[in-house]
Amino acid sequence: MADYSSAGESHNPNPDPGAESTTGERSESEASREQRADFARIFAAHDRWLYAYLMSLLGSPADAEEVFQEVCVVVWRDYEKFDPATNFMKWASVIAHNQVHRFRRSRARAAHAFSDVTVDLLAQDAADQADLLEDRRRALHGCLKKLRENDLELVRTCYGDPKRTMKASAELLGKPVNTVYKAMNRIRQSLHDCIDRTLATEGVS
Amino acid sequence: MNDSSKNPSGKSDRSADEPRQLEGQIDDLLNQGLDREQADQLDQQLSSDANARRVYLQRMFVEAELHAYHAEPVSSDDHRREAPVADPSATSTEPARRPLSAWAAIAASLLAVASLSSLLTLAATGRFSSHAHNQLAHSDSQPETPAEAVATIGATQNCRWKATSQAAGAGAKLPAGAKLELEAGVAEIAFADGARLLLEGPACLDINDGHDARLVYGQLSAKLPEGPDRLNLAAGRLAIAEGSTAGPAEFGLLADGSGGGEVHVFGGSVGAVLFGPQGQQLRSLSLNKFEAARVTQASTSLARFNADGDRFVRSLSSGNGLYAYEPFDYTPGPLSWQNGGFGWAGAWEDIEFEEPEVYINDCETTNQVAAGSLGIGELATAGNHAIQTAQRNRIRRVLSTSIGSVLSTAGFVENSDGHNLVGRDGKRLYVSFVQRVDRLDDVFYGLELNRGDGNGNRVLCIGNGADGAGYGVTSNYNAYGARNYKRLGEETLKANLMVMRFDFGVDNRDVVTVYRNPESLLDEDLCTKDAVLRGNFAFDRLSLGNFDGSKNHEVDEVRIGSSFRAATGLRDPKAPMIRPLARQWRRFDVGELRVVKAAAWLSNSPFGNQGLDSLGGRY
């Protein structure tokens, strides 16, 4: 990544207690930094899965974004409890599931897309099908490249801002809302068809 | 809504239509077109049909990825996404996408004043002349052993002491003969008899003993308790005595350093006594509440006038709510080791800087002070501003968060793993600054808030390019992925006023709300929230960073306070409400929504449509 930590920090006038000792032994804080870095790599590989998991349970990209940050606070607070030899998605999904319920309790019942029962079932299935769902998510990128430019532009507009409604997107594009609805339904279907073909070719589905 | 449940013949084919109906419902959900009844149907199907859940999850995971992928792309080219933390080796195989003036703090006890009679007695016996009146008050002879404390620094607010001053941190014990030289800020001095003084810098106070102090120059406010043998207080050739009525008194005192002085009475009654050059009593006046008296350097009379209560700081918790301020009022040159403003634990310190291309003098750096302020709208500005002219630069300054510091006294400091951080649960804090660059999208720059040094401790950064997130707000410490970093709209070459509100929550559940060029400098409710981040945002220092590219990064008017107004610099509750807002939006390049909001507010203001007219009739 673009590491804008100062190169000069290696010459920091304030000695870093985490620096390697004169005996060459790795200090405890250095090990802790490495553990954090390892966790960061795992997290970076799965943060989108985590976001998708939240969106599935909440049914709203804006709500998913809000809860995602809450989940990250807990995940990073408890990262030392995660065993790298275990499944991150399952570990994180438990945290995310709890945060979803916490979020739902803070909101009016009428604002919920689904019942608690459905949310719990979806949470369980999403964790069980994590790998397959991850494959579909990844396959999407190749399929996006196959969209026509007009469709791609529509997708960019409709998905550019999670807080922008489909209606607002239609207004932005100067098109009737129903036209945009139908176009998006068509595009989604074509993307799913493409994903199915891609995974079938790879022998995944 | 979706009518795909019928086959081409128009007849319902339940078995064949169910998957399509489900997909249609999911599409409607994704299009925000699902009403409550349909949502309940979808919920029922999902709760009873595992296959429906499978289809739903497949669709939603793709949908989430479409949102994640298309939200504000950094570039049109796919590239490997940068990891969201301070580990350069952390990468992902994902395609890249964007990734703080009423009395409150003074304790109840009041400053003792010598009665007029006792004052004369003191003068006759020589005690007064040797202490309160004569310039001999401060003896050159210093005790050879630590003397018994006669007063205590009760609290400080944004204090900067002269190097020659008595050590005077909060809680410091002051011996007889102590000289306090305060360059800036306000210090509360408590005497054993209950007297409390608020010394306002720049000022110099000689504490001769536990019953006698002299304001050499500057000003102070005093609260004196009722009682015998009280504190003698003097300013120039003016001495304070008991007035027409006995009892506690509250007053302000000024000394010009040349023998002139003033006393302003806010409560009770005090006597003002004028002495001649040889220590002889020339005049005396009894002053009651709201009365004041003045003596000039060569005058032999006391002038009586109305007291000015607003001229004095009369409380440490004055309500202005500004706890730290950096106006960069330094001579143009290196910023490093500059130590002005208030609320800071020390000077600016270079963490890193590139050598300048051309040396103007030996101490030249590329983290500099440049002439003039980065003016913006109605924001009050002072001094000069900071500029980073090279591209491997970081300079930082640590906030004063130790016990007794104003931030600590105000309850903003929490101890986190042995570090004093600004961020106690349940507190709300505002940080504001002005920022400008001269090139767009030119790699990394930012004003950063940290909890200790190091990239991984950067809890917040406002600027461009951090983690590839473009122009916006990022957080290395929270590290929740570039996708969740918030954009702040279109980057411009104009100066931008940034106001950040920190709501520090329980269990490190903090929320930061960012306003870029807020529509109003007075009313936060009128301002559009440009970004909201959740995470752990407690911090103890601030730094300016500028890396790569070829831009200049400029920052000015850094304020940290407990209120929106403190952060925007407009803290006078009597300030006209209309002026900042109306002129604000005309000067700023703001969006239509903001203008409409401002116009709507104006139409509801006492100025009504006249206010709208003053906007030029455009709206």
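Two strands pair if DSSP finds at least two bridges between them. Strands (E, at least two residues) and helices (H or I, at least four) are DSSP runs, numbered from the N terminus.

**Entry 1: conventions.** I noted that this is a predicted model, in which local features need pLDDT of at least 70, side-chain atom pairs count only at pLDDT 80 or more, and totals for chains, interfaces and linings use all residues. Residues are numbered from 1 along each chain as its sequence is written, while chains are lettered from A and ligands numbered from 1 in the order in which they are written.

**Entry 2: open sheet of chain B.** I looked up B:E349 and found B:R396 of β21(B) opposite B:E349. Strand β21 covers residues 392–398 of chain B, and β18(B) joins it in the antiparallel sense over 3 bridges. Both belong to an open sheet of 7 strands in chain B, ordered β18-β21-β32-β25-β26-β27-β28, with antiparallel pairing. Its edge strands, each pairing on one side only, are β18 (349–352) and β28 (486–487) of chain B.

**Entry 3: strand β20 of chain B.** I then turned to β20(B), residues 385–388, where B:H385 and B:I387 point one way and B:A386 and B:Q388 the other. Strand β19 (residues 367–370) of chain B runs antiparallel to β20(B) and is joined to it by 4 bridges. Here B:H385 has B:A370 opposite. With β33 (residues 553–561) of chain B, β20(B) forms an antiparallel pair over 3 bridges. B:E554 in β33(B) is the bridge partner of B:I387.

Entry 4: Strand β6 (residues 196–209) of chain B pairs with β5(B) in the antiparallel sense over 10 bridges. B:L180 has B:L205 in β6(B) as its bridge partner. The hairpin has 4 residues between the strands, and B:G194 in it takes a positive phi near 100 degrees.

**Entry 5: B:V273.** I placed B:V273 in strand β12 (residues 270–275) of chain B. B:V273 is buried, with 28 other C-beta atoms within 10 Å. I also checked B:A234, which is 39 residues apart from B:V273 along the chain: their C-alpha atoms are separated by 9.2 Å.

**Entry 6: chain A.** I counted 8 helices and 0 strands in chain A. Of its 205 residues, 33% are buried. Contacts (C-beta atoms, placed from the backbone, within 7 Å) between residues at least 6 apart in sequence join residues at least 24 apart in 64% of cases in chain A.

**Entry 7: helices α2 and α3 of chain A.** How do the axes of α2(A) and α3(A) cross? The axes of α2 (residues 61–77) and α3 (residues 88–106) come within 9 Å and cross at roughly 125 degrees. Axes are lines fitted to C-alpha atoms, for helices over the stretch in contact, with angles from 0 to 180 degrees between N-to-C directions. The two helices are therefore oblique to each other, the class left after roughly parallel (under 35 degrees), roughly antiparallel (over 145) and roughly perpendicular (65 to 115). Residues of α2(A) in the contact include A:V67 and A:V71, and those of α3(A) include A:I95 and A:F103.

Conventions. A residue is buried if 20 or more other C-beta atoms lie within 10 Å of its own, exposed if 12 or fewer, and partly exposed in between; C-beta atoms are placed from the backbone. Two residues are in contact if their C-beta atoms, placed from the backbone, lie within 7 Å.
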